[in-house]
Amino acid sequence: MDGTRELRIGFIGCGHAAGIHMDRFLALDGVRVVGCADADRHAAQALADRATAVGLGMIGDRRVETAVPVFTGHAALIHETAPDAIAVFTPHLAHYRPTMDALQAGCHVFVEKPLSTSAQEAADIVGLAQGRKRLVGVGHQYRLLPSLIAARARLAEGTIGALRLVSATLAQPWLEGHGGAENSWRFDPKIAGGGLLADAGDHLLDALLWSTGRVAVEVAAVQSRLDSGLDVVTAAAIQLSGGVLATVALSGISPDSLFEMTFFGELGRLHLTDRTLVETIGRSPPAEVGLPEPGESIDANFVAAIAGNGPLCCPADEALDAVRLLDAIGRSAATGQVVRPT
């Protein structure tokens with residue numbers, strides 16, 4: 001695709017997240033949804049109707065409506081509509097097959113995080129994308145937070161000196177009583193593959209690696225589950241490359257939402273939330289850092305990258321590092337052993 005062509009995109013997995021991203025895609029010039037696929041045909045039809053309504057247009061004085069076709073399997077969508085790109089919003093365990101099939105068919109792919117719940121599957125996706133010369137963007141949209149962008153820049157500049165320790169926490173309200181019971185599958189490792197860790201936790205892991213520019217070397221982790229098997233709390237100690245240590249805490253049973261990271265350097269520290277960044281140097285009082293204006297959405301970034309107008313926010317080869325860390329945390333918690341990501 002060049003910068004003048006229409007981008008024809010198909011959606012695989014038609015739940016709530018797909019609807020949010022579809023609205024963002026259709027708000028961009030030159031993007032058209034050509035098909036929606038879901039094992040639940042009603043969900044696929046609802047999303048297709050939404051896309052059809054947005055796609056209503058005029059030719060002269062005549063209104064034209066082209067209904068978006070519906071499929072119950074991703075293979076039929078790819079074969080019958082020949083899209084330029086595929087957006088994958090299936091449960092985590094089902095990211096791999098449609099992504100690989102779309103790449104084999106010559107499509108670019110946007111995958112909701114995590115890229116996969118298996119490090120080997122993620123590596124397969126990266127290898128095939130490189131071989132087919134196709135783009136695979138992963139939905140690590142925390143990378144677009146102005147506070148995280150500013151923290152990453154200041155860490156690279158060395159404003160707090162040599163980095164020694166990072167503390168990262170993400171908490172979400174418990175499902176019951178918070179209007180989110182329909183998303184309980186995200187906490188179930190048997191269904192989601194990795195539970196809460198692979199869902200919201202993958203954002204935190206990617207933010208840790210991306211902001212510091214490092215990879216995980218060793219991991220020791222523990223997890224707490226409910227009697228039903230739902231994964232609700234994960235804590236991990238991580239050694240990053242260059243001798244930097246990190247602690248990660250993830251909770252799905254918090255009364256409130258929280259995202260915060262603190263970077264401790266030899267000269268000072270940085271503390272960020274999803275909205276603020278505060279820097280403390282030596283014994284000086286803490287000072288709030290001015291943040292850049294919010295930029296493009298991750299969906300707009302994907303479309304721009306396909307058109308050759310900039311790099312992907314999170315390409316698959318970078319998302320692979322987060323999957324390897326996610327996998328290592330899961331293995332460490334299951335075995336009680338210190339694990340090296342592979």
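Predicted model: local features only at pLDDT ≥ 70, side-chain atom pairs only at ≥ 80, totals over all residues.

Analyst: Start with strand S2, residues 31-37. Two bridges join S2 to S5, and the two strands run parallel. One point to look at is Ala37, which stands opposite Phe71 in S5.

Now step back to the sheet that holds this pair. Six strands form an open sheet, in the order S5-S2-S1-S6-S7-S8. The pairing is parallel.

Keep S8 in mind, and turn to the cavity. A search of the whole structure finds one cavity of 30 Å³ or more. The volume of this largest cavity is about 40 Å³. Which elements each supply at least two residues of its lining? They are S8 and helix H10 (298-306). H10 gives the most, with three residues. The lining is made up of Phe110, Gly137, Val138, Ile298, Asn301, Phe302, Leu312, Cys313 and Cys314. By class, the lining has seven nonpolar residues, two polar and no charged.

Strand pairing is also found elsewhere. Take strand S9, residues 163-173. Eight bridges join S9 to strand S13, residues 258-265, and this pair runs antiparallel. Leu165 has Phe264 in S13 as its bridge partner. Eight bridges also join S9 to strand S12, residues 245-254. Here the strands run parallel. In this pair, Ala171 stands opposite Ser251 in S12. Helix H5 covers residues 119-132, and helix H11 covers residues 316-335. Their axes come within 9 Å and cross at roughly 170°. An angle over 145 degrees counts as roughly antiparallel, so H5 and H11 are roughly antiparallel to each other. From H5, the contact is made by Ala119, Ala122, Ala123, Val126 and Gln130. From H11, Ala316, Asp317, Leu320, Val323, Arg324 and Asp327 take part. By class, the contact of H5 with H11 has seven nonpolar residues, one polar and three charged.

Definitions and conventions:
Residues numbered from 1 in each chain as written. Heavy atoms only, no water. Pairing = 2+ DSSP bridges. Helix = DSSP H or I, 4+ residues; strand = E, 2+ residues; numbered from the N terminus. Axes fitted to C-alpha atoms, helices over the stretch in contact; angles between N-to-C directions. Parallel < 35°, antiparallel > 145°, perpendicular 65-115°, else oblique. Contact = heavy atoms within 4.5 Å. Nonpolar A, V, L, I, M, F, W, Y, C, P; charged D, E, K, R; others polar. 1 Å grid on protein atoms, 1.4 Å probe; cavity = no way out; pocket = protein on both sides within 12 Å on 5 of 7 lines; lining within 4 Å. Points joined across faces, edges and corners; volume = space filled by probe spheres on them.
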